[in-house]
Structures are given as structure tokens and as C-alpha cells.
Amino acid sequence: MPRSSDLPDCFYQSQPILISPNRPTPKHSLYLSNLDDQKFLRFSIKYLYLFRKSTSLDGLKYSLSRALVDYYPLAGRLRTSSEDEQKLEIDCNGEGAVFAEAFMDCTADDFLEVSSRPNRSWRKLLYRIEAHSFCDIPPLIVQVTSLRCGGMILCTAINHCICDGVGTSQFLHAWAHITANPKGDPPILPFHSRHVLKPRNPPHTPFDHPGFTRIATGKDNLNQNQNQNQYLQPLVPTSSTFTPSHILELKRQCTPSLKCTTFEVLASHTWRAWVKALDLSPSLNVKLLFSVNVRKRLKPELPQGYYGNGFVLGCAESTAKEVVSANLHSGVKLVQQAKSALTDDYVKSMIDLLEDKTVRTDLSATLVISQWSKLGLEDLDFGEGKPLEMGPLLSDIYCLFLPVIGHFDATRVLLSVPECAAEKFEYYMNDFSYI
């Protein structure tokens, strides 16, 4: 492979095929909850896995057809609800998942050399579906790319309206489990009904929800667009890895001392570095949104295997000046307070709020963090060993906390920022002085 970080082209010997469940599955329309159906989630979660040794393609196809019996909504298609044109539902029709096979003239080691951060050439590792709308894209797309060395790259695109990170990990592990143990059953079965998260009638929203805004019109919309102009520059990916010793050093910066988790201290540190690197106006109100699994926060708890979006976004907010000038203790406290606010009553108020279709996630002057580092994604094993590398296929505007293969307690922070701010952001991420 050339010294450039760009990958060579993929060669397809045949057209992709559709893999359908290998047994009859329920044929019905599946309701999507207000957490599933947010405009914010109308995209696919795209994973990339690199394996030293490839798995039989026929075996992968067969096991996928078996996994889709339990996970049959992934074999269906999204469509607009007949009852509400602003709401989506799943047509569980068993049409099938897209499965593409390709070959790339490089080795696993070649890929590892350029894998520290995604680049645009990685897009070729996932078959592109020509679609007129979001609903025309199948909920599950898979591409297996065989490598010259006998290894393989597995890429998947899983529709975020159907499931969250917990759900994608649950499905991928079920598929891998069936591949490696053809006579075994998946350890967790999915629970597909979303009615446990239906809004109340009438909706009841007694709480403020600062992570959301209503669609602006006229002059307000113009002002909002002007505030977002600074984010329209070309984005470049940045990557920073934090070992347990780095995390301990950050925790020591909390003065006075404060008991906190790795996520809380790293989220606060990343938020501060992001605000500093973008050189935002000191008086600007900035937000940190981060995903929180609420399956066990609700009363009653969501059923085991709940297969929908079971997370909400916690919201910390402050002025840019306060985020930059305060020590780490202040930022960690804001994150902790945002997490503790997510009670059963608060989450139900948020679900009711989303009945108003003018409500959107507020992304202006906002950093969004999604945590992939505690989902077990790095442990995926189709029978030929765990991956050498895993991460997102693309780096976009959301910040990802990723696992580090071979280092259980380490976290890699991946975020794309405007090109003019990339060097400063990486500097501040590696700067642990809060004096």
C-alpha cells in the first residue's frame, strides 16, 4: 500500500445481495418511540472492524440470516407513519439486510499504520446505497472486505432510529455468537415493543429541557444561522488517547478533591479543550450534551434486551468564559448535576416534550459526546479472534469516547474540529495544567 493514508480501491466481483431471516418472522408495523424518532437520530451508526483472520463468507451470511430471525426489524424498512406524516415506523416485511463482498489489495498491518484516525477514503469500505430519502436506505448494511494477508475488514451501518449503541452491540454479539457457535442461542433476546416509552396523554412537561430548542423562524432563525457560521469550515479528525495514569492526573486537578468517574472528568476536560480551541466569545452560552443509558433509571426499568433507543442526552451548560477559566472541579460538577437530573420523572417529561415536532436537539455552540468505550464493542469474536482495531467508519461532528484494543482501562477521544482549530485542540487535550 502507498505511504499515503488513503486506502486503495475495493473490488467487487458481484453485486450486493439481500440477506433475509431464514425463518418466517412477524409481519407488522413497529411503533417507534419519541426517543427513536428524533430528527437528531436519523442516520446510521457506522462501525469498522479489522480482523487478522477472515471468517467464512458463507458462514457469515448464514449466521446473519439466523440472527435476523430475532432481530427482524433490521430486515425491514423505515417508512412514514400512516397516522402522522412527521413520524416514522418500521415496516417489518423481512425484505432483508444488504450484504456486500469486496477485496482490497492491502494487509491488516498496512491498515493499522493509518488507523489512528478515519479519513474519507475509508468510505469505500461500506457499499453506498443510492437513495432518494433516509427511509429508502435499508436499516442494516454490511460489507466484508477481504485483505491480501487473509484478514478482513467488517463494516456495518445500523439505523440509529431502530437502536442505540447498546442495541447495536447486542445485535453484533448475537451475530458473532451464532457464527462461532452455530448450535448455540444468543445470550440476550431482543425486546422489540416500544410502547413502554409512549408519551402520556395529555403530555406533561414540568421540567426545563435545555438540551432542546424549538425550530426558529424568521429573524431568530437568521441569527441562529449566523452563530453557526464558525462551524461551517472544513472539519478534520483529531485523536487523543488517555491511559489510566492520564485519567488519574486529571482527577488530581479537581480542587477541592471530588469523587468522579473517568467519563465525568474526561468529558469535562474535552469540553474545556474544545471551547478553548474554537476561541468562542466569552459571553456565549455553550453546552455539553452526552448520552446516558436510562434503561435502569426508569420506573419500572426497561425490560432486559429492550431493543430501541434507551438513552437520553444529559445537558451541562455555562458561558465559554466559565468553562475555560474554571478549574476541572467546576466542569465535573456540571456534568454530575446533568446526570443526576435524569430521573424517571425527568425522562418522561422529555418524552412528552418530543410530542411537539417543532422541538429539536440544540446543536448551536454545543459539543455532543457519545460513549462507545463501555459497550463491549471491542470484544466481538466471530470465531477467529477478537479485532485488531475497531472504531467508527467516519469521524463527524460528534465526539466519540472509544475503547483502545488491548488496553481495557484506556479511552481514545475522537472528534472532528474546524481545520484552523485542530492543532490547538490536540494541544489543549494533552495539557493537564489547570492553574
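Q: How do the residues of the lining of the largest cavity divide by class?
A: Rolling a probe the size of a water molecule over the atoms shows where empty space is left. A cavity is a set of points on a 1 Å grid over the protein atoms alone where a 1.4 Å probe fits but cannot get out, and lining residues have an atom within 4 Å of a point. Here the lining of the largest cavity divides into four nonpolar, four polar and five charged residues. Ala, Val, Leu, Ile, Met, Phe, Trp, Tyr, Cys and Pro count as nonpolar, Asp, Glu, Lys and Arg as charged, and the others, Gly among them, as polar. This is a predicted model, where local features need pLDDT of at least 70 and side-chain atom pairs count only at pLDDT 80 or more, while totals for chains, interfaces and linings use all residues. Residues are numbered from 1 along each chain as its sequence is written, and side-chain values use heavy atoms, with hydrogens and water left out.

Q: How much space lies in the largest cavity?
A: About 130 Å³, a volume being the space filled by probe spheres set on the points, which are joined across faces, edges and corners. Of its 13 lining residues, D37, Q38, K39, V359 and R360 are the closest to the centre. Strand β14 gives the largest share of this lining, three residues; strands (E, at least two residues) and helices (H or I, at least four) are DSSP runs, numbered from the N terminus.

Q: Which residues of helix α9 are buried?
A: Buried means under 20% relative accessible area, with a 1.4 Å probe and protein chains only. In α9 (residues 344-353), eight of the 10 residues are buried, so this helix is largely enclosed by the rest of the structure. They are D344, Y346, V347, S349, M350, I351, D352 and L353. Their cover includes β10 (212-214), β13 and β14 (359-361).

Q: Is Y31 buried or exposed?
A: Y31, in strand β3 (residues 28-31), counts as buried because its relative accessibility is 18%. Leaving aside neighbours within four places in sequence, Y31 is in contact (heavy atoms within 4.5 Å) with K87, R194, H195, K198 and P199.

Q: At what angle do the axes of α6 and α10 cross?
A: Axes are lines fitted to C-alpha atoms, for helices over the stretch in contact, and angles run from 0 to 180 degrees between N-to-C directions. Helix α6 (residues 262-278) and helix α10 (residues 422-429) have axes that come within 8 Å and cross at roughly 145 degrees. On the α6 side, the contact is made by H269, T270, A273, W274, K276 and A277, and on the α10 side by K424, F425, Y428 and M429.

Definitions and conventions: Buried means under 20% relative accessible area, exposed over 50%, partly exposed in between (1.4 Å probe, protein chains only). On a 1 Å grid over the protein atoms alone, a cavity is a set of points where a 1.4 Å probe fits but cannot get out, and a pocket is an open set with protein on both sides within 12 Å along at least five of seven lines; lining residues have an atom within 4 Å of a point.
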